[in-house]
Amino acid sequence: MSARVRVALLGLAACAGPAAEPPVALDWRGAPVHLRHLGDGGVEVEFVAPTAGHALALRDVVRVGAQATTTFVHTAPDPAAFVAQVVTPLRVAVPADRLGDAAVVAVRIVEGERDALAILAARPR
Amino acid sequence: MSNVVPMPASVRLVLPLLAFACFPACGGGGGGETPPPPPPPSEQTGALRLPAAGTQAAAAGAHRADLPMRTGEVVAWVDPGVDADQLAGSDLELVEAGGPIAVFRSMTAASRLSQRAGAPLADSSEQATCDAATALAARPGVLCAQPNYLLQATRQPNDTHFGKQWHYPQAKLPQAWDITVGSANVVVAVLDTGIKAAHPDFDPARFVPGFDMISDPAVAGDGNGRDANPEDVGDLATPRGSSFHGTHVAGTIGARSDNGAGIAGVDWNCKLMHLRVLGRGGGSVSDIANGIRFAAGLSNASGTVPAQRADIVNMSLGGPGASPVLEQACNAARDAGVLLVAAAGNDNSNQPNSPASFDSVLSVGAVDLLGARAPYSNFHVSVDLWAPGGDMTQDRNGDGFADGVLSCMADDQGATFFKFENGTSMASPHVAGIAALVKAANPSLTAAQLRAILLGNTQAGVGLPNSGRMVDALAAVQAAGGTATGPILVATPSTIDFGAASTTATVVCGNANATASSATGAQLQVSPAAPWLLPVLSETVANNGLTNDTIALTANRTGLAPGVYQTRVTLVCAGVSPPEVAFDVRLQVGEASPVSDEVFVLLVDPLTFETAFQTSAFAAQEFEWQFGSVDAGSYLLVAGTDRDNDGEIGDDGELFGAWPNLDDVLPVDVVAGQDVAGLDFSLQDFVVVGQSAGGGRLGRVFRRLP
């Protein structure tokens, strides 16, 4: 089995529902993160920050085989600052050309020293 | 400008629930969401209406087709000696007659579709009922005639979007408004990002001088440090723009209300004092502490104090940990007679958040539409009270909108509109506004008494932590000495959501005015008809009137197609004025309902294809928006989403539609003084494989305005 086929199968397994045991650990434990496929082949990642004052930035996109791993850096508000207590969705788009023909998109979130996998999703064919 | 056509018209787009098609499903085990797999592209049908209520009302005499009524029924006062039977005819059927009052049914009106079923106003059964009433009133022997309007159980403001403010009935505000809608002698200070004063749903006459307390020009973003102008110039909170958080919060407390447009505020008359303490990156202890002292009329860094100190201070802000300087400021304000209210925080944590956790501050947690703790709300033991803050991951009342709190909003380009938000930031101003109502009901109350009344007169939530209780505007206002003239019917909760699995629920109903006589002769009505719902009223003691009696609701999904079913149950009592109270019921069959996204509606120049006018709303089963004014002329009417935020609507993967359809687009002619109605068209979800994004729809790119 080639790496390309294997990774594609991982994506399908992850989408099969709660009963399927994901072969890759999604170890993100922070705010909700969503992935949205855009019509042009790009994706949009939504990080639902609990308050104002958060920031999310795309650090890099790394292609390995059929998987494109997108890594985002989340910055929390200055601990000394007081911020509005409104839930604030942060959305960052990843253009299609940066994902190429990857069959699977992974979303990693970096927070300080933490680096966790939040989403592993197959792209529409 | 003579060629400007005022269009205070509500434009209504009816859409089936929109699947959030683009979120892929991933199995459990991670912290990420687990949304459903993308469904196939779907087609949504829509209906746009541009009614002009004033014109319609004039055409039908004094009758209002936009008010709730028993469609088809006309009630008349008949001269003595006239037999009501003689007034019946080919169109009118006599339903009942007693003394001079006779009720007729118009066959024409009854045969038409109601607006609630999607009929345009001009062709609706409601309009036909008005016409029938006008015709009957002109008959000899009829003193007067009118549609058989349904009187409201509680004071319902006529603001266009009030129906989407589920959070007010939850806090029992409509019942409280029967007693008081607030007083101009009460001042509420809003410590926040400042105010977008030009928002049309604010009344500048209700503003008292505030202050921009941000000392760092880089944080303030207005070119200076502290100054007397609390206008919100933006905080650039996200890459997409500023939050205008203070405008949203202030709108909840005191937007213009019962003015026929926009939203309602909790308090309709109180004065608002805006104190700008949050800017780019948030706010500092010193700026907030000085803002608190200003509001309390105490010496502060601005060098000035208000002519009248605030009675109540709202702080929809917070930070972790202790802050002794901030606590001292709060203590001083409390000692000066100010009630301080603050958001408990959004960290889904049992950790304290300041300033909410200070003893001198009333801490407010957030509940969702069902009265349960919102998933983000902190639940530290210092939380004193719970109030509606919303949960925008849900649409539990099935109205097609995520369950957020609807209030005023603006953007960095100067546009003003309304937006749903969720957070303890939204819960806190509900309590601050209700505190202002309580103060209006009894101006002699001290801040400590205000606090005691709010905490001692509450309603049950759903499993709230620490035996928590939800704010109850009616009980609080009554406890303050406010009285209503008769029985007040209440039903709790105000919304029942069976979800996709539940089959039973209970509503507690009764007379909330203990000083009034009992409400008797209770009956239940379900409208629209809902064969899937069986409501049974159970009186704990027969014939003693409503006293904490229950309505048992049973839902039966057998034979129902997948989808969302909704109805409203109305409890009607004899001898009560107003005579009824209602609650909404929602049933899900099949998969969970989706989240909506924003649709931009454009009026486009047919020659240049430039967008002339724009409004927006969230795609849903039904929603409304308004054009403030539109120049007379000819336009193309297009609508779509901009999910990739490139400024162009209708890209691949986005909703798009045009009137009357995409294959044969026709211009809409807007003529001065003339209504435009019946504009129905469909939106489609475009996913085009192998075609580049952008453009292509009708051979043109349609750009939304910034």
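Me: Which residue in β15(B) is the bridge partner of B:L340?

Reply: In β15(B), that partner is B:V361. Strands (E, at least two residues) and helices (H or I, at least four) are DSSP runs, numbered from the N terminus. Please keep in mind that this is a predicted model, in which local features need pLDDT of at least 70, side-chain atom pairs count only at pLDDT 80 or more, and totals for chains, interfaces and linings use all residues. Residues are numbered from 1 along each chain as its sequence is written, while chains are lettered from A and ligands numbered from 1 in the order in which they are written.

Me: In which sense do β13(B) and strand β15 of chain B pair?

Reply: Two strands pair if DSSP finds at least two bridges between them. Here β13(B) and β15 (residues 361-367) pair in the parallel sense over four bridges. Strand β11 (residues 312-315) of chain B also pairs with β13(B) in the parallel sense, over four bridges. On that side, B:I312 has B:L339 of β13(B) as its bridge partner.

Me: Which residues point one way from β13(B), and which the other way?

Reply: In a regular strand, side chains alternate between the two faces of the sheet. From β13(B), B:L339, B:V341 and B:A343 point one way, B:L340 and B:A342 the other, and all are buried. A residue is buried if 20 or more other C-beta atoms lie within 10 Å of its own, exposed if 12 or fewer and partly exposed in between, with C-beta atoms placed from the backbone. β13 (residues 339-343) is thus mostly covered, with five of its five residues buried.

Me: How many residues of α11(B) are buried?

Reply: The count is 18 of the 18, so α11(B) is largely enclosed by the rest of the structure. Its length can be checked too: the expected span of a helix is 1.5 Å times one less than its number of residues. For α11 (residues 424-441) of chain B that gives 26 Å, and the end C-alpha atoms are 26 Å apart, which agrees.

Me: Which residues of α8(B) meet α11(B)?

Reply: Contact means that two C-beta atoms, placed from the backbone, lie within 7 Å. B:H245, B:V249, B:T252, B:I253 and B:G254 of α8(B) meet residues of α11(B) including B:S425, B:P429 and B:G433.

Me: Is B:G210 buried or exposed?

Reply: B:G210 is buried, because 26 other C-beta atoms lie within 10 Å. It sits in strand β9 (residues 207-212) of chain B. Leaving aside residues up to four places away in sequence, B:G210 touches B:P230, B:M273, B:H274 and B:L275. The C-alpha atoms of B:G210 and B:R276 are separated by 8.1 Å, although the two residues are 66 apart along the chain.

Me: What share of the residues of chain B count as buried?

Reply: Of its 706 residues, 52% do. Chain B has 13 helices and 38 strands. Among its contacts with a separation of 6 or more, 69% join residues 24 or more positions apart.

Me: Where in chain A does pLDDT stay under 50?

Reply: pLDDT is the predictor's confidence in each residue, from 0 to 100. In chain A it stays under 50 over residues 1-22, for which the model has 44 contacts beyond four places in sequence. Where pLDDT is low, the predicted coordinates should not be read in detail. The chain averages 81, and 81% of the residues score at least 70.
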